[in-house]
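Thank you all for coming; I would like to walk through two elements of one model this morning.

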Amino acid sequence: MNLVVASPTGMCFGVRRAIEQLEGALAKYGAIYALGSPIHNPQEVKRLVSLGLEVVESITQIPEGSVAFIRAHGVSRAELEEAGRKCGVVVDGTCPYVRNVQHKAEQLEEEGYRVVIVGDSRHPEIKGILGHIGSGTVVMNGEDEVKPEARRSKIGILCQTTQREETLALVASKFIINTDEVRVYNTVCGATIERQSSIRRLAAAVDGIVIIGGKNSANTRELVEISESLGVPAMWVEQAEELNRGWLRDRRTIGVAAGGSTPDWLLKEIVRKLKKL
Ligand code: F3S
């Protein structure tokens with residue numbers, strides 16, 4: 001069995017930055033409360049919890065005067081302000097690319113555009129962006145969701161940082177019909193584009209791809225979908241124990257790729273295990 005590791009792959013700039021901030025703050029303050037899971041990788045979160053991190057779902061669960069951490073996906077403006085009022089220190093790990101989408105959404109709203117976000121409405125990044133603008137915003141996952149409506153005047157389109165550019169293009173082109181003005185910001189981040197391109201190159205050279213990442217990670221799901229759409233079967237695992245020997249045995253060249261929240265130690269551990277197998 002030959003093994004080819006995608007390049008670039010694994011942890012992105014924003015997640016690496018958030019983890020470094022978190023580790024620095026844990027070393028300084030000892031205990032920290034993260035508002036929502038800080039990244040979408042259960043194994044890395046478990047490691048951070050062992051260092052003193054506590055994950056809570058709401059600000060009401062954070063004791064007064066303690067240290068709060070804002071995840072890479074960002075939060076709503078109200079949550080950020082509330083954390084500032086209640087906590088002694090707020091460590092803001094919001095990825096700068098996510099902050100850029102929040103700012104662009106605010107700007108579009110101020111300029112009178114009806115904001116459309118291409119993405120998953122259940123994802124924390126989208127919930128955070130929605131919490132920076134008014135209630136008229138529409139979130140859609142694909143061009144099928146663009147409804148024929150009466151003539152529209154101004155539509156401003158943005159997308160989740162981990163979307164596929166192709167999906168954004170399809171939604172935007174559908175809005176051009178029946179709209180006076182469409183402004184589109186391609187807010188897919190560079191790390192996402194690079195990882196999606198690297199999996200396309202990898203798919204051309206292998207019989208199957210092992211994709212490592214949290215089952216709750218949107219960008220890992222995109223990698224799996226891209227691989228399968230190119231006719232290359234993917235095995236999506238979070239950890240080494242999930243590797244399926246039967247699946248591996250049938251293939252001569254295996255690719256390995258990892259989502260943007262997958263830590264380096266986990267990627268190395270799984271590559272080591274695959275080499276052994
Ligand atoms: Fe930031 Fe892109 Fe990673 S938005 S968190 S660099 S996937």
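How many residues does helix α4 have, and how far does it reach from its first C-alpha to its last? Before I answer, please bear in mind that this is a predicted model, in which local features need pLDDT of at least 70 and side-chain atom pairs count only at pLDDT 80 or more, while totals for chains, interfaces and linings use all residues. Residues are numbered from 1 along each chain as its sequence is written, and side-chain values use heavy atoms, with hydrogens and water left out.

Helix α4, residues 96-110, has 15 residues and reaches 21 Å, close to the 21 Å expected at 1.5 Å a residue, where the expected span is 1.5 Å times one less than the number of residues. Helices here are DSSP runs of H or I with at least four residues, and strands are runs of E with at least two, numbered from the N terminus.

Among the buried residues of α4 are Val98, Val101, Ala105 and Leu108, but also Gln102, Lys104 and Glu106; buried means under 20% relative accessible area, with a 1.4 Å probe and protein chains only. These buried residues pack against α3, β6, α5, β8 and β9, and after the helix comes Gly112, whose phi is positive, near 85°.

Turning to strand β12, residues 253-258, six of its six residues are buried, with Thr253, Gly255 and Ala257 on one side and Ile254, Val256 and Ala258 on the other. Strand β1 runs parallel to β12 and is joined to it by four bridges, with Asn2 opposite Thr253, whereas β10, also parallel to β12, is joined by five bridges, and there Ile212 has Ala258 as its bridge partner.

Key. Buried < 20%, exposed > 50% of the residue type's maximum accessible area, 1.4 Å probe, protein only. Contact = heavy atoms within 4.5 Å. Pairing = 2+ DSSP bridges.
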